[in-house]
Amino acid sequence: MAAVVTYLVIFTVISSALAYDPDMLQDLCVANTSAGIKVNGFTCKAETNITEADFFFDGLAKPGKVNNSVGSLVTGGNVEKIPGLNTLGVSLSRIDYAPDGLNPPHTHPRATEMIFVLEGELDVGFITTANKLISKTVKKGEVFVFPRGLVHFQKNNGDKAASVISAFNSQLPGTQSIAMTLFTSTPAVPDNVLTKAFQVGTKEIDKIKTKLAPKKS
């Protein structure tokens, strides 16, 4: 029994250590996004080719133009935009919301998220695995945390635009929108799975798919 307990403790420690972005083993590992080599992260650019531009990004400075049906826009400041973030385990995003805008229910499989409200007022929340909704109204200057992997959302119920800065403990947290994942995947989730899960008919499923389908240019 003692051996089993020891094994479980060791397994828990190792699992926790591997649960987030791996620790860096050198001062810098600027992402070489053009290398064409897939690893858990990105390979390192040669140090002689590193410049200050690898650590700079001004894309979060101004509000993004919200022009979609849900009324929100996410601008990422992750390793794909800032190569110097590779192996550092952090990133930011800016989210802008039109009046009545929604950042639809979604998850980040690789990171916990913390938002800081720049402007406006938002109703935010997440759902635990016990199916409990934890929600609150947050205002300018306030912070709210969404635990890693849990479904969460933000809704601007005001008549003015709102915006937040989101911080993540991953260089590339990933995002899975619940609706988009279920109704616009390729190949498609079978209709008989969706009709059974949502207890609706095929016509309702087709209607949702049509509304969520990417607009043709």
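**Before you start.** Residues are numbered from 1 along each chain as its sequence is written, and side-chain values use heavy atoms, with hydrogens and water left out. In this predicted model, local features need pLDDT of at least 70 and side-chain atom pairs count only at pLDDT 80 or more, while totals for chains, interfaces and linings use all residues.

**Stop 1: the sheet.** Show the cartoon. Strands here are DSSP runs of E with at least two residues, numbered from the N terminus. Two of them pair if DSSP finds at least two bridges between them. Five strands make an open, antiparallel sheet, ordered β6-β5-β8-β3-β10. Its edges are β6 (133-139) and β10 (176-177), each pairing on one side only.

**Stop 2: strand β8.** Select residues 152-155, which are strand β8. Three bridges join β8 to β3 (residues 102-107) in the antiparallel sense. Then label Asn 103; Gln 154 is its bridge partner in β8. Now turn to β5, which pairs with β8 over four bridges, again antiparallel. There, Asp 123 has Lys 155 of β8 as bridge partner.

Are the two faces of β8 covered or open? Covered: His 152 and Gln 154 on one side, and Phe 153 and Lys 155 on the other, are all buried. Buried means under 20% relative accessible area, with a 1.4 Å probe and protein chains only. In a regular strand the side chains alternate between the two faces of the sheet.

Zoom in on His 108, in the loop between β3 and β4 (113-119). His 108 counts as buried because its relative accessibility is 5%. Among its contacts beyond four places in sequence are Glu 113, Arg 148, His 152 and Phe 168. Contact means heavy atoms within 4.5 Å.

Move to Glu 113, in strand β4. Its relative accessible area is 2%, so Glu 113 is buried. Its contacts beyond four places in sequence include His 106, His 108, His 152 and Gln 154.

**Stop 3: Thr 107.** Step back to strand β3, where Thr 107 sits. Thr 107 is buried too, at 10% relative accessible area.

**Stop 4: the nonpolar core.** Select Leu 122, Val 124, Phe 144 and Val 164. These have the most contacts inside the largest nonpolar core, which has 13 residues. Such a core is a set of buried Ala, Val, Leu, Ile, Met, Phe, Trp, Tyr and Cys residues joined through side-chain atoms within 4.5 Å. At least two residues each come from β2 (91-97), β4, β5 (121-127), β7 (143-146) and β9 (162-168). Which strand gives the most to this core? That is β5, with three residues.

Finish on Leu 122. Its contacts beyond four places in sequence include Tyr 97, Val 138, Lys 155 and Val 164.

Technical notes:
Buried < 20%, exposed > 50% of the residue type's maximum accessible area, 1.4 Å probe, protein only.
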